[in-house]
Amino acid sequence: MKLRSVRGTHDIFGEKIEKFNRISNIVSTNAHLKDFNEIQTPIFEFSDLFSKPLGEQSDVVLKEMYSFEDRNNEFLTLRPEYTTPMIRAAITNNLLNDLPLKIFGIGPMFRRERPQKGRYRQFNQINFEILGTKDFLADVELILLSNNILRQLLPKSNIRLQINSLGDKKTLINFKKSLTKYFNTHKKKLSEESIKKIDTNPLRILDSKNDEDIEIAKSSPKIYEYLTIEAKKHYENLKSALNLLEINFEENTNLVRGLDYYCNTVFEYKSDNLGSQDTLLGGGRYDGLIKLLGGPDIPGIGWAAGIERIELLMESEKKINSTVHIALTNEKFTDYFLYLQKYLSENRISYYWNYKYNLKKSFTKANISSASHIIIIGENEYNGNFFTIKNLMTGEQKELKLNQVFNHLNDKSR
């Protein structure tokens, strides 16, 4: 058997795990500043949870879900997205009694699609949701939050925010009728994939990556013409607030998002450095989804971002490793070495030893890993009851007693 990872999956280590942890820390910090509570759900759910909300004719349900039948003849699916599991958790755990509910989560999702740049079959996603308010200020809060997180993670990247409104139910009914009629008149020029969507969900044709579909969609009816008075007011209030906050945005009338449950506000952050899959973060309002899943008839809005795509745009942090390396030159100094280990552990100082009784190799290891200091234990140190500590950035070297080590390592001037 040849050992290999499954296609579309990837191991996370080294620089990637450092970026992953940096993303998680920044996301969690911003979440708590805005009073979002973290939630984790199982990675698999009953298949019915996804099929209806995502759209039974959607690509996710038809082609991409990892579904299986377990020993109890129950059909389960590895979660392809996080919004519906988070809402399911809110309903089943009675979290909707105190509204609005503000929750977020970070975790793996699963979709069987063609692996490409920043896109995997098992990928990690960030989700933020606000349940229980129709106020456009909730839309603004989530866009502001996403803007803050991305600007902290990608301070030098050229990312742009695109927004649109899908309107309410009445808007969508009238708009879909108009789109169906339009695309039927241009059926011969559409891709085979888009032809299948004309009668099931013509909105998805607007999101096609096929060049001919894109060209035809340019002249298609625009949803803004079909917005009800209430939907138009919601959208205009959103744009005014974003302008007030000096958050730059582009209006994209063909922006629809990929799933059936969206309405009113939809938005995406895009980058020109990700190829054809240029969406970095996306979300919108889903006012009927909670009721559809068996909960109360309350509105909701949220967004999701792919961690792997963000990592592609992140710069590596050039930092000095705070780890202290220990250079033990001979086995006969083991007891002295153990005293030092105990002291460093009790004082919460990170340290490393390479299990080699060789001063030269210890220095090489310390330099490769960009350690801040090296502590030497040799004949002189053992006999003199001290430790030699060398600052690897400045070259400064000191001979110190054990009880002096902590203050020396934490002296920022050194």
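Helix 12 is followed by arginine 348, whose phi is positive, near 55°; helices (H or I, at least four residues) and strands (E, at least two) are taken here as DSSP runs, numbered from the N terminus. The model is a predicted one, in which local features need pLDDT of at least 70 and side-chain atom pairs count only at pLDDT 80 or more, while totals for chains, interfaces and linings use all residues. Residues are numbered from 1 along each chain as its sequence is written, and side-chain values use heavy atoms, with hydrogens and water left out.

The mean pLDDT of the protein chain, pLDDT being the predictor's confidence in each residue from 0 to 100, is 91, and 94% of the residues reach 70 or more.

Within helix 12, Tyr336, Phe337, Leu340, Gln341, Tyr343 and Leu344 are buried, where buried means under 20% relative accessible area, exposed over 50%, and partly exposed in between (1.4 Å probe, protein chains only). Seen down the axis of helix 12, these buried residues fall within an arc of 165°, so they line one face of the helix; the arc is that of the directions from the helix axis to the C-beta atoms. On the other side of helix 12, Asp335, Tyr339, Lys342 and Glu346 are exposed.

In helix 6 (residues 169–185), the buried residues are Thr171, Leu172, Phe175, Ser178, Leu179, Thr180, Tyr182 and Phe183. Their cover includes helix 8 (211–217), helix 9 (229–244) and strand 9 (263–271), contact meaning heavy atoms within 4.5 Å.

Strand 6 (residues 122–131) has 9 of its 10 residues buried, so it is largely enclosed by the rest of the structure. Strand 6 runs antiparallel to strand 5 (residues 101–110), to which 10 bridges join it, and two strands are said to pair if DSSP finds at least two bridges between them. A further 7 bridges join strand 6 to strand 11 (residues 300–306), again antiparallel. Asparagine 127 in strand 6 is the bridge partner of glycine 105, and asparagine 127 also stands opposite alanine 304 in strand 11.

Elsewhere, 3 strands form an open antiparallel sheet in the order 2-4-3, with strand 2 (44–46) and strand 3 (67–69) as the edge strands, each pairing on one side only.
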